[in-house]
Amino acid sequence: MAQSKISIASLASLLLLALTITIEAKPKQQKQTNLVFFMHDWESGDNITAVAVAGLPNKPWKPLAFGTLFAIDDDLTTGVDRKSAQIGRAHGLYVYSALDGSDCHMLLSLVFTSKEYSGSTLEIQGADRLLQKSREVSVVSGTGKFRLARGYATLETAFLDLPNSNAILKWNVTVFHY
Ligand SMILES: *[C@@H]1O[C@H](CO)[C@@H](O)[C@H](O)[C@H]1NC(C)=O
Ligand SMILES: *[C@@H]1O[C@H](CO)[C@@H](O)[C@H](O)[C@H]1NC(C)=O
């Protein structure tokens, strides 16, 4: 009698263990988040945010010139106006990576500073084919609220002053995360 009591107890704990494992193995539900904001890429004038740091030898280092590498720390704002509310900054680099100037390869961290996403980042990589009206880059990962994030962002040029190398990009990020 005592023996069967023990075996029932151990059976029950085994069942409980199996149940726990099953619950833990269940995948967590993913959330979808959409973020729309503007990136201010200023290479001249007041408060420069993008600087050419490398390029082809004996060639000018400038936008659209193949091989020119920029380091950037661009404002991300809610509106197209540079003075609208800041939600974060784009830290990283881009390199003009098409011989004909049609592509700017981006490697950026979007570092959020406002509200619920403060301190979280999204990692961006992709071909900004800047001559197209609308183009896409990948969201390859993220940190904080965006751990294990994946997604994409559509980019549109909202303002362009090519002679002075200044531009405002509209970002529309769609991201899946936990
Ligand atoms: C540049 O930064 C200064 C100091 O933060 C600010 O007063 C000024 O309005 C900024 N200029 C532009 C064009 O954003
Ligand atoms: C952002 O992109 C999503 C899906 O890609 C779209 O449904 C939405 O209308 C876009 N929002 C803006 C403001 O462009």
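1. A search of the whole structure, which is a predicted model, finds 3 salt bridges, where a salt bridge is a side-chain nitrogen of Lys or Arg within 4 Å of a carboxyl oxygen of Asp or Glu. Side chains of opposite charge can pair when their charged atoms come close.

2. Residues are numbered from 1 along each chain as its sequence is written, while chains are lettered from A and ligands numbered from 1 in the order in which they are written.

3. The protein chain has 1 helix and 9 strands, and from the N terminus on its elements run α-β-β-β-β-β-β-β-β-β. Helices (H or I, at least four residues) and strands (E, at least two) are DSSP runs, numbered from the N terminus. Of the 178 residues of the protein chain, 37% count as buried, a word that here means under 20% relative accessible area, with exposed meaning over 50% and partly exposed lying in between (1.4 Å probe, protein chains only).

4. Arg89 takes part in a salt bridge with Asp73, with N and O 2.6 Å apart, and this pair links distant parts of the chain, since Arg89 is in strand β4 (residues 86-96) and Asp73 in strand β3 (residues 69-77), 16 residues apart. Arg89 also forms a salt bridge with Asp75, the closest N and O atoms being 3.1 Å apart. Arg89 lies in strand β4 and Asp75 in strand β3, so this second pair ties together parts that are 14 residues apart in sequence. As for accessibility, Arg89 is partly exposed at 22% and Asp73 is partly exposed at 33%, whereas Asp75, at 12%, counts as buried.

5. Arg135 forms a salt bridge with Asp128, the closest N and O atoms being 2.6 Å apart. Arg135 counts as buried because its relative accessibility is 3%, and Asp128 counts as buried because its relative accessibility is 4%. Salt bridges that share partners, by contrast, join Asp73, Asp75 and Arg89 into one network.

6. Asp161, in strand β8 (residues 150-161), deserves a separate comment. The side chains of Asp161 and Asn164 are, however, joined by a polar contact of 2.9 Å. A polar contact is a pair of N or O atoms within 3.5 Å; within protein, one must be able to donate a hydrogen and the other to accept it, and residues adjacent in sequence count only if both atoms are side-chain atoms.

7. Patches are made of residues with over 30% relative accessible area and no salt bridge, like charges being joined within 9 Å and nonpolar side chains (Val, Leu, Ile, Met, Phe, Trp, Tyr) within 5 Å; the place of a charge is taken as NZ of Lys, CZ of Arg, CG of Asp or CD of Glu. Lys28 sits in the loop between α1 (2-25) and β1 (31-42) and counts as exposed at 64% relative accessibility. The backbone oxygen of Lys145 lies 3.1 Å from a polar atom of the side chain of His177, and His177, in strand β9 (residues 166-177), is buried at 3% relative accessibility.

8. A nonpolar surface patch is formed by Ile48, Val51 and Val53, with about 240 Å² of accessible area together; such areas come from the Shrake-Rupley method with a 1.4 Å probe, and for residues only the protein chains shown count as cover. Val53 belongs to strand β2 (residues 50-54) and is partly exposed, with a relative accessible area of 44%.

9. Two loop residues have backbone angles worth checking. Asn58, in the loop between β2 and β3, has a phi near 60°, a positive value in a residue other than glycine, and Asn58 counts as exposed at 82% relative accessibility. Leu148, in the loop between β7 and β8, has a positive phi of about 65° although it is not a glycine, and Leu148 is exposed with a relative accessible area of 60%.

Definitions and conventions:
Predicted model: local features only at pLDDT ≥ 70, side-chain atom pairs only at ≥ 80, totals over all residues. Heavy atoms only, no water.
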